[in-house]
Amino acid sequence: MRVQGSVNINDINVDELWKIFSNIDEVSKCFPGLKSLQKVSENSYKVTGQVSVGLIKGDYNADVSFTRIDGSTRTISFTARGRGMNSVVDLNATLTLNSNELKYDADVRVSGVLASLASRAINTVVDKIVNELVECVKTKARAS
């Protein structure tokens, strides 16, 4: 399933936002539901967290690998494979920050219990996570 969208950021300095988005330790502090982040290698992490999809709320474990962090285009690409709530989620995503918006584009594959909900709820869940993440990063950028 393809998930795409954007969030308006034109009220914040894009360079300050990029400093936070491109720093995994900093941006992880803003990721909704994140419980722990453990660095495995230069660009790979083990993540645990909690997420709500529709009426289902549960914990997950994921392996996340950053495949591209490009300051010249302000683009971050990553892959993730998560397990939880009797489901598996595979994600390939790209975030691009420009002067007035954060664009996201992701290919999401869901199997297991969540698969029946995914077609109805995944866009809403992704939009909610991205919006909460951006608002937190904006707050951090304003404080810089």
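In the hairpin of E3 and E4, two residues sit between the strands, and Gly-54 there takes a positive phi near 60°. Strands such as these are DSSP runs of E with at least two residues, while helices are DSSP runs of H or I with at least four, and both are numbered from the N terminus. This is a predicted model, in which local features need pLDDT of at least 70 and side-chain atom pairs count only at pLDDT 80 or more, while totals for chains, interfaces and linings use all residues. Residues are numbered from 1 along each chain as its sequence is written, and side-chain values use heavy atoms, with hydrogens and water left out.

**Paired strands**

Let us stay with the strands for a moment. Two strands pair if DSSP finds at least two bridges between them. E3 and strand E4 (residues 56–70) run antiparallel and are joined by ten bridges, with Val-53 opposite Ile-56 in E4. E3 also has a partner in strand E2, and those two strands form a hairpin with two residues between them.

| Strand pair | Direction | Bridges | Residues facing each other |
|---|---|---|---|
| E2 (residues 34–41) and E3 (residues 44–53) | antiparallel | six | Lys-39 and Tyr-45 |
| E3 and E4 (residues 56–70) | antiparallel | ten | Val-53 and Ile-56 |
| E6 (residues 87–97) and E7 | antiparallel | eleven | Leu-95 and Tyr-104 |
| E1 (residues 2–8) and E7 (residues 101–112) | antiparallel | seven | Gln-4 and Asp-105 |

**A cavity inside**

On a 1 Å grid over the protein atoms alone, a cavity is a set of points where a 1.4 Å probe fits but cannot get out, and lining residues have an atom within 4 Å of a point. Grid points are joined across faces, edges and corners, and a volume is the space filled by probe spheres set on the points. How many cavities of 30 Å³ or more are there? The count comes to one, and the largest cavity holds about 30 Å³ of space.

Its lining is made of Trp-18, Phe-21, Arg-74, Ile-76, Leu-95, Thr-96, Leu-97 and Leu-102. Helix H1 (14–21) and E6 are the elements that give two or more residues to this lining. E6 gives the most, with three residues. By class, six lining residues are nonpolar, one is polar and one is charged. In this grouping, Ala, Val, Leu, Ile, Met, Phe, Trp, Tyr, Cys and Pro count as nonpolar, Asp, Glu, Lys and Arg as charged, and the others, Gly among them, as polar.

Leaving aside neighbours within four places in sequence, Thr-75 is in contact (heavy atoms within 4.5 Å) with residues including Trp-18, Leu-95 and Thr-96.

Ser-28, found in helix H2 (residues 24–28), counts as buried as well, because its relative accessibility is 14%. With its neighbours within four places in sequence left aside, Ser-28 is in contact with Leu-34 and Leu-37.

Technical notes: 1 Å grid on protein atoms, 1.4 Å probe; cavity = no way out; pocket = protein on both sides within 12 Å on 5 of 7 lines; lining within 4 Å. Buried < 20%, exposed > 50% of the residue type's maximum accessible area, 1.4 Å probe, protein only.
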